[in-house]
Amino acid sequence: MAEPGIASAARVRQEAKGRELLADTGALWSALPVEWPREAEGGSAAALPGWGWRVRRSLAALLVRPRRSFQYVHEPVDHGAALRLLLTVRLPLWAPLLVALAVLGPPAPAGQGIPLLEPSLIEALALWLLLMAPVGVPLLYAGLGIATHVALTLTGGAPRSIAATMRAVGYALAPALLGVALLDLPLYVGALSLEVYLGGLGALTLLTFVVAGNALTGTHQLPPIRGFVVALVPAAMFAATQVLRAVLALGALPGYTPPPGLPYLVP
């Protein structure tokens, strides 16, 4: 095992190498460090920063310079790098949430429940969607990418491949998925009201819209107005999927109270 001082010095050298590569304006390196090759040119993986540094720098690039981060797209697209980033920001807080629910148990659905759905069924669906998070992330990545590429085609054609569109939308989701992971813990343990959750989700949806608009504009070299119009598709789909999860987790519809005497309502 390396001594702490030696390990620290190696980490400083790796991060300096990473900053040098980020400043490289050539086409060899992606602006998103999570896409960098696992080994340096000399064949040594230790010469490049670790995964944690790459994730932090990639998130910063997506937030600070989203359009410039997508000006260069290497094809064939490395979907694995995008999925590793999405799972890295989504799952570390997901595992403690499962532990908390195993210890505390799921909260009872609020209010009178969703009309026409039995409360135990609502609870089962909510927990199933939570347990499916490792599978749901790739499905969200693929579904939003395909729908966005269709929207590009219908609004004048897509200059680049569907893989490039999936990459753009996938990376645009990363900051918002980190926010979803942060919101999920209070949501599923019953410490967050639906109204507060919807406010936070609104901010995350706006963030997805802004980053996705820039990502599509940079990837396909589109006029900004078209890139942001098409970005409405992944932003709306992201919001819809998360609202569904929240409604099932809390067992309530925003602004709706079932009227008394509803013939098929299971109280």
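Predicted model: local features only at pLDDT ≥ 70, side-chain atom pairs only at ≥ 80, totals over all residues.
Starting with the fold, the protein chain is built from ten helices and has zero strands. Read from the N terminus, the elements simply run α-α-α-α-α-α-α-α-α-α. The chain counts 267 residues, and buried residues make up 41% of them. As for how the chain packs against itself, take the contacts with a separation of 6 or more: 77% of these are accounted for by residues 24 or more positions apart.

The UniProt record, an unreviewed entry, puts the annotation "transmembrane region" on residues 85-105, 125-147, 168-190, 196-216 and 228-253. Two of these spans can be set against the model. For residues 85-105, the end C-alpha atoms lie 30 Å apart, with 81% of the span in helix and 0% in strand. For residues 196-216, the end C-alpha atoms also lie 30 Å apart, and here the span is 100% helix and 0% strand.

Helix H8 covers residues 194-220, and Thr 208 is one of its residues. Is Thr 208 buried or exposed? Its relative accessibility comes out at 1%, so Thr 208 counts as buried, the cut-off being under 20%. Leaving aside residues up to four places away in sequence, Thr 208 touches Ala 172, Leu 173 and Ala 176, and also Ala 235 and Phe 238.

Next comes the pocket. The largest pocket holds about 410 Å³ of space. Its lining takes in 17 residues, and those nearest the pocket centre are Gly 136, Leu 140, Thr 241, Gln 242 and Arg 245. Which helices supply at least two residues each to this lining? They are helix H5 (119-131), helix H6 (133-154), helix H7 (162-188) and helix H10 (232-250). H6 gives the largest share, with seven residues.

Finally, the aromatic side chains. The count comes to three aromatic pairs. One of them joins Trp 36 and Trp 53, a tilted pair with 6.0 Å from centre to centre and 40° between the planes. Trp 36 sits in the loop between helix H1 (4-23) and helix H2 (51-64), whereas Trp 53 belongs to helix H2, so the pair ties together parts that are 17 residues apart in sequence. Trp 36 is buried, with a relative accessible area of 3%, and Trp 53 counts as buried too, at 6% relative accessibility.

Another pair is formed by Phe 70 and Tyr 171. Their ring centres are 6.5 Å apart and the planes stand at 55°, so this pair is tilted. What does the Phe 70 and Tyr 171 pair tie together? Phe 70 lies in the loop between H2 and helix H3 (79-90) and Tyr 171 in helix H7, so the pair ties together parts that are 101 residues apart in sequence. Both partners can be checked against the burial cut-off of under 20%. Phe 70 has a relative accessible area of 0% and is therefore buried, and Tyr 171, at 1% relative accessibility, counts as buried as well.

Notes
Residues numbered from 1 in each chain as written. Heavy atoms only, no water. UniProt positions renumbered as here; feature names shortened; annotations may be inferred. Helix = DSSP H or I, 4+ residues; strand = E, 2+ residues; numbered from the N terminus. Buried < 20%, exposed > 50% of the residue type's maximum accessible area, 1.4 Å probe, protein only. Contact = heavy atoms within 4.5 Å. 1 Å grid on protein atoms, 1.4 Å probe; cavity = no way out; pocket = protein on both sides within 12 Å on 5 of 7 lines; lining within 4 Å. Points joined across faces, edges and corners; volume = space filled by probe spheres on them. Phe/Tyr/Trp six-rings, centres within 6.5 Å; stacked < 30°, edge-to-face > 60°.
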